[in-house]
Amino acid sequence: MKFIRVLVMIAFGALLITPLYSQSKEKFEQPILITSAGQSADVTMAAMLCKKVNLNAKAVNRATAADVKDAKTLMIVPGFSSKGLGAAGISREQEMDRVKEVIAAAQKQKMRIIVLHIGGKPRRGQQSDDFNKLCAEASQYMIVVKQGNDDNFFSDIAAAKKIGLDLVEKIAEAAKPLEASFTK
Amino acid sequence: MEKHHYIAVVFLLAGGILSAIASKDFLSMRDADILHPSQFVTTTGMLSDYLPEIKGTYGDTKVYYFNSGNPGATVILLGGTHPNEPAGFIAAAVLVENAQVTKGRLIVIPQSCASGFTATDPLEACPTHFTINTQSGPRTFRYGARGGNPLHQWPDPLVYRHYPSGQQLSGMESRNLNRSYPGRVDGSFMERNGFAIVQLIKKENVDVAFDLHEAAPEVMIINAIITHEKGSDIAANAVLNLEFEDLQYSLEISPKNFHGLSHREWGDSTMTFAFLMETSNPSQGRLRGVTSEALVVEGNDPFYKTASKLDNVRITYDSSGEPLSLRVARHLQGFKRLVESYNEAHPENSAIIENIPEYNAVVSDGVGKYLK
């Protein structure tokens, strides 16, 4: 009888732990909508990474709430680029509003969000970090090139919000955790 | 003669001597740099072959052709668009003196803005020349200006209106080759040069085009590849492959609304995939100290080291600085990987370019080892 009681307690404990674990390890689904937060060209790199590991992904630099409906996962690539914003003909504030709108649309349809921060140090700092914080806090999983996490910016958010985080040395190394995080 | 007459004569003579020395220095920049083409260069020509209107002007410049005789892609590489960015010119010179093409064709213009090699930028205190120790001993090359020589296109307008977009830029940009594309035959001196280059790209059916540049260590776009959106997948693939070799390049897509630049206008007005590469050149920067030949070649500046410690530069600027050999090596390796990436995407129409020195070899041996 005592043995059964112990088994029940272990099973109950496992049930409590599972949601925390699955928060970071639960697989994401395809197709993926990739969008920028800050209009850097890192979106192109993210699309190439997805292509290399055969993930069904579509990159839309300035995705809107309307683009979200056809996807099952939203991948946001944050990082400010004055050149990119200039090319898009929009202000930083307009870009921020767009990103908030896309995140809200994704959350409304219970879509999960991945953040891919691959731009390292040049995509950190005052101009980028508002985008980085907004996206990181809305995500369920992040892959970050270590150089962009020198000050534990992403690690701290991940720990505080219990978000899955993989740190990689190089952009190319992001391919492996990216591939592993999706159902085939 | 009275005493004051003698004094006047002495001052006149001294002035004459100083003027003669300055004139010699000034005029020395009109002496062409000499390259020693590889045995694999099949022909040489002039840019004016594509636009006779520039023949005999300071805009005309040498063009080197490597024709493998085997069908394949045509690749063009431009150095010296900005003559104060020497890594582009020297990388092009290394190709002219070493490359071998076994499939397709390679065209190299080492000094694309020939006019800019005949002067330095006023008030910048730049050296007129720099020296590299090569296989045959020291060789001296000109260190020019960002734009064309004002003697060849004068005066600068208050506002430069780019043709045909109408985009307005500061007047001095009217002498900037990389704001002149696609140019026009009846335009300014620099617009004609830009037009001639675009004509070359069109007439030779160039598939892949490169424009090599440098920028100050403190600017956003350094150690970067900038491409027209047509080439974004090729560039992204190359950036990933370069990363496997521990070479970091940031990728930038050419803004659609920023006109006159090679990566925008070549891509828009021709069939070519256009790429521009930037390295980090401390002799161009605003934070630099003495602008000497040594700074151009060795790339070592104490003020940039301080700036790096204060986190004010975009690169890790350590005790080894940013020597010319490293900057040339980056251009050559980037060029190589971009051509490979193009070939991967277009196996039916590829180009094979050999004898390009490896990055590590150029950095450790010095670029001079690859100049004859």
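Predicted model: local features only at pLDDT ≥ 70, side-chain atom pairs only at ≥ 80, totals over all residues.
Visitor: What ipTM does the predictor give the complex?

Guide: For chain B, the mean pLDDT is 96, and 100% of its residues reach 70 or more. For the complex, the predictor gives a pTM of 0.90 and an ipTM of 0.76.

Visitor: Are helix 2 of chain A and helix 4 of chain B roughly parallel or roughly perpendicular?

Guide: The axes of helix 2 (residues 42–52) of chain A and helix 4 (residues 232–244) of chain B come within 9 Å and cross at roughly 75°. Angles of 65 to 115 degrees count as roughly perpendicular, and therefore helix 2 of chain A stands to helix 4 of chain B as roughly perpendicular.

Visitor: How many nonpolar residues does the contact of helix 2 of chain A with helix 4 of chain B have?

Guide: Helix 2 of chain A contributes residues including A:Met45, A:Met48 and A:Leu49, while those from helix 4 of chain B include B:Ala236, B:Val239 and B:Leu240. By class, this contact has three charged, three polar and six nonpolar residues.

Visitor: Is A:Thr44 buried or exposed?

Guide: A:Thr44 belongs to helix 2 of chain A and, leaving aside its neighbours within four places in sequence, is in contact with B:Ser232, B:Ala236, B:Leu251 and B:Ile253. Because its relative accessibility is 13% and the cut-off is under 20%, A:Thr44 counts as buried.

Visitor: How far apart do the C-alpha centres of domain 1 and domain 2 of chain B lie?

Guide: The domain assignment of chain B gives domain 1 (1–30) and domain 2 (34–370). Their contact takes five residues from domain 1 of chain B and eleven residues from domain 2 of chain B, and the C-alpha centres of the two domains lie apart by 40 Å.

Notes
Residues numbered from 1 in each chain as written. Chains lettered and ligands numbered in written order. Heavy atoms only, no water. Axes fitted to C-alpha atoms, helices over the stretch in contact; angles between N-to-C directions. Helix = DSSP H or I, 4+ residues; strand = E, 2+ residues; numbered from the N terminus. Parallel < 35°, antiparallel > 145°, perpendicular 65-115°, else oblique. Contact = heavy atoms within 4.5 Å. Nonpolar A, V, L, I, M, F, W, Y, C, P; charged D, E, K, R; others polar. Buried < 20%, exposed > 50% of the residue type's maximum accessible area, 1.4 Å probe, protein only. pLDDT = per-residue confidence, 0-100. Domains from an automatic or database assignment.
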